[in-house]
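This briefing goes through one structure by topic. Please have the sequence and the model at hand while reading.

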Amino acid sequence: MASFMGPSLSLILLFYFVPVVLTLLIAFTDMGRTLQWHFIGLYNFARLFGVGIRDPFILKIITNTLIYVAGALPVTILGGLLLSILSMRMHRGAGLFFRTVFFIPRVIPPVVWGFLWAWSFEGTRYGLFNAIRGAWGLPVVYWLIRYPMLIVILANAFLGISLAMLVFSSAIASIPRDFTRAAEVDGASEWQIARYVIVPALKWPILTMTAWHLMSFINSYVYIMLITGGGPYYATEVWGLYGYHVAFSQYRYGYGSSVMTVLVVVNMLLLVALVKAFGMRRMLGRGKIEV
Amino acid sequence: MKSLLCRLSLIGLILVLVLGPAVAFAQEAQIETITLKAFVIGPGPVPITKATNLELAAEQLNKILEDSGANVRVEVNLEYSELKWGPFAEKFYLDFAAGKAADIVTMRETGELAEGGFIVPMDEHVKAFWDMHYVDFYANLWGGATFEGKIWGIPHDVAPAGVWYRKDALRALGYTDDEIAGLLPANGDTTLEILARLAKEAVDAGLVEYGILHRPSKGSNTYARLLEFGVDCYNPETGNLELDKSSLLAFYQWHKEMVDQGVIPPEPPGWSTIHGTFAEGKTFVTMASHVGTPAEWKAKYGLSDAAVENDLGFLPFPPTEEVKATGGEAVSVSDIPLYFVTTQSEHPELAMLLIMFATFAEPCALHSSHTARPPYRWAALYHPLVVEDSYLQRTAPSARAVVPVPIHPQIWSFVERIFEGIKGVEAGVVSPEQALDDLVAWFQAEVPDGEIIP
Amino acid sequence: MWARARQWWNKVASYLVLGAVAAPFLTMYVSFFLRAFGKRMYLGVVPKEFGFANFQFLWRPIAWGLEQTTVWTALGNTVFFAVTSALAVTIICMLAGYALSRIEFRGKNFFLVLQLFLHAVPGQILLIAIFFLLFYIKLLHKIPGVALARASLEIPLGIWMAKGFFDGIPWDVERSAMIDGCTRFQVWYRVFLPLVKPGIAAVFIWGFLFAWHDFIYVYTLLPGTIKLMSTLIQSLLATEVIDYGYLAALSLIYMIPPLLLFVFLQRALLRVPVFGGKGV
């Protein structure tokens, strides 16, 4: 029995638990590029929370992260709802077509998704949308400098939409036909059907998708890194990205670890809150989320 | 008689047969081959001569060892890396932490390495061989190698940065060659404002796409441009970093002005755009290159020799009017990478000797001729390779005017922060005043013993 | 009359709305595809000349910055990385999935809860620690080490998948095998694995796909001298060559192998009982 579970358990121990502890440990040091380190206690955390000295960029980064999550989450959920409801209402082939189009972000490599967005919104006349504008005689727009946060929110939200739409569509498909038929017979409009039949039936998927993507967006930074690199002058630098940059671009592993530790703690708190809110049993029972 | 003779010869034969190989073997075994590992950075493939010079040095060193009858030979195990400075340093530190660092390494972070105990001071060695070898090096280059009064590494490469501009754009605007020489003399005796004005004229006339382009990331050119505004970043008397608020504000404001006037684009383009457009004549001034860059333009971007001769002009970074008025001069800055000997080396003296041999006049001339960078020592100027190369002859003096980037462990983080501010100001995301305030806040938090000048 | 107009409007509105939202994306996808085959673009979208010029990296080294590399090296590295990771995921998940499906042991529920918990600590957050972890076990900067780290990220859900496949096999198979005197391991190896071939294929593709697409682990934990397709594309995008046709062509080549693998394993996957999702 042990040999069956052994490998997976050891790997999980090695690459999940040990790193969490290690991140905390490194956060108490001043490990830098030279890989020589000293124990400095809570100094890194003090700098994060503005006790004594303060990191001048932290406020901006917290704001960025909040804006990012607050922007991406509704777009994901509402967009997913919109797309799934509309695409399920229309002709089967057309619905399938649209759902495929919006599922594409999830099957292409992250680098390519990032490349697509970076190319489309590039600030010279070689960027896709600027080239199209140029064809109509319009001047170039420096998208990534003027609207970096918007672009980054959209890029990530549509990735979230691909999953949300899938989950919602499956759920809609399993609504018994009689419900909608009955409502139609009673003379309900499309809008009313959507509002009073479909959405309530989707209550559970909506909640799980919200929870899932909330955790997802709080931690996400890879696409932001690929598209804006943190945006012009920290405009799109979110918490996770800041931690990454501090550690791997500035080579301050100790400080970077403290940034990541805070994120880990936030995640844990969030998970506890969600579990309490949803109840453990129901999560296990219904929570089969296929990524 | 016969039997005695027979017995003697038999004994003699046995002796020869047995002892002969043993003696020969013993002699063989006395020659020890020491392998020195060298980790050399480009970056990029062009300066590979930095590495091959070490091999050359090994050959010559072995010859001398052989002639002098020593029982030691040197072999060099080269690892040449095309990585950039940052990742290269990271790899070095990883190797060092694993106990597998090379004997010789080329880096530029003298302060960080010396403080951390990664390298061996070469002070004694340099003093011992000063008169016969090191006195010939350009004096200004030792600044980059000196930390806390001691010399830690040997210079072997200098790429003086400067301003390259397109004369053909000026001619198209109507300037004669004499006028051009007067406005932008080769010794840099002009001002940044004049340069910017000419750039604006070229942009307004539609002759070029970009007026002035600078590096998309921090580098020694960035430091040079700071010096244009009188921002030294460093106080040599106290050895601390220095933040000059008013000059930095002027620095940021100049960038904003340039973007507003359309001379500098709000988003710095990538390297291939910078080099490509300059080689094609679509950029008037590039501040992202050094003396050796034409080699790259010729090789990769199709610039012809004739074009380099006739259409390109070069000058060190000119100061602003304000700085000039107070006695400032044009500056050139260079990364001065150094050959260091690591503390994990088991044969430091031998490594130092190898480095010495790798910086003779011949390897220096080979390096210059291959990379189009000026020699770093006088003797190389008389080497046939350098004498015959008109470009090298023309650009040789620039190496003597080079100011090294100050040696302080945090200097590069500081320059990087300043550069982040440039990007923000150019993008219009932050005002020059705000960028300065953020910089000051960072400085106060990260550089506790730094000095702030209003 | 109004009712019919409203009916017509209701029908059309969905198409209009979805069409409007999809339009920019379709533009992006189509031009991306076209851009790979065209040099100069008309209207920014339609290539003026078609050709394979952008694909020349297939037979010529790529000059990026001052360095040179071939796409084949990058592809080879990526294949090595993805296969190693996929193998690790498959073997480990097939073992664990069987155990969870069959063996009653205490703490089973706990394990399932654990999976949920682990997803709250995504790999990209632990990168710094993993960097040092791999360094201390001497696997940093080496493809097998990073592949192992990457595999661990897919294991939680991979086990879930594998368990699903094993659940579908009736108990009798096991009983008869064990009566015949096989050990648990032999039962697993000789009897079950052949029965869950679709499952093996599915988990393998799962692990392969995620490793093939991986960027952040490879970017951070492998040295700049070892390039995989994702880091190659990123370095071209971020630093040197910004010829978009080139990048588009490279990206297309990058996306092909997983499709090939899928086609290759498709027959094995066809008889998959668990993949009965509706929608796409």
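How many helices and strands does chain B have? Chain B has 20 helices and 16 strands, where helices (H or I, at least four residues) and strands (E, at least two) are DSSP runs numbered from the N terminus. The model is predicted, so local features need pLDDT of at least 70 and side-chain atom pairs count only at pLDDT 80 or more, whereas totals for chains, interfaces and linings use all residues. Residues are numbered from 1 along each chain as its sequence is written, while chains are lettered from A and ligands numbered from 1 in the order in which they are written.

**Chain B overall**

- Along the principal axes, the C-alpha atoms of chain B fill a box of roughly 115 × 50 × 35 Å.
- Of the 454 residues in chain B, 48% are buried; a residue is buried if 20 or more other C-beta atoms, placed from the backbone, lie within 10 Å of its own.
- Taking contacts in chain B between residues at least 6 apart in sequence, 75% join residues at least 24 apart; two residues are in contact if their C-beta atoms, placed from the backbone, lie within 7 Å.

**Domains of chain B**

- Chain B is divided into domain 1 (32-157 + 335-404) and domain 2 (161-334 + 410-453), with bounds that come from an automatic or database domain assignment.
- The C-alpha centres of domain 1 of chain B and domain 2 of chain B lie 30 Å apart.
- Domain 1 of chain B brings twelve residues to the contact and domain 2 of chain B brings 13 residues.
- On the side of domain 1 of chain B that touches domain 2 of chain B, the elements giving two or more residues are α18 (390-400) and β15 (402-404) of chain B.
- By class, this side of domain 1 of chain B has seven nonpolar, three polar and two charged residues; Ala, Val, Leu, Ile, Met, Phe, Trp, Tyr, Cys and Pro count as nonpolar, Asp, Glu, Lys and Arg as charged, and the others, Gly among them, as polar.

**Sheet and helices of chain B**

- An open sheet of five strands has the order β2-β1-β3-β14-β6 (chain B), with mixed pairing; two strands pair if DSSP finds at least two bridges between them.
- Its edge strands, each pairing on one side only, are β2 (72-81) and β6 (154-155) of chain B.
- Strands β3 (residues 104-107) and β14 (residues 338-341) of chain B run antiparallel and are joined by four bridges; B:Met107 has B:Leu338 in β14(B) as its bridge partner.
- Helix α3 (residues 85-97) of chain B lies across β1 (32-41), β2 and β3 of chain B and runs at about 150° to β3(B); axes are lines fitted to C-alpha atoms, for helices over the stretch in contact, and angles run from 0 to 180 degrees between N-to-C directions.
- Helix α15 (residues 348-358) of chain B is mostly covered, with eight of its eleven residues buried, among them B:Pro348, B:Met352 and B:Phe357.

- Chain C has eleven helices and four strands, and 41% of its 280 residues are buried.
- Domain 1 (2-51) and domain 2 (67-270) make up the division of chain C; five residues of domain 1 of chain C are in contact with five residues of domain 2 of chain C.
- Between chains, 70 residues of chain A are in contact with 62 residues of chain C.
- Helix α1 (residues 2-27) of chain A gives the most to the side of chain A that touches chain C, with 15 residues.
- This side of chain A has 53 nonpolar, 14 polar and three charged residues.

Terms used:
A residue is buried if 20 or more other C-beta atoms lie within 10 Å of its own, exposed if 12 or fewer, and partly exposed in between; C-beta atoms are placed from the backbone.
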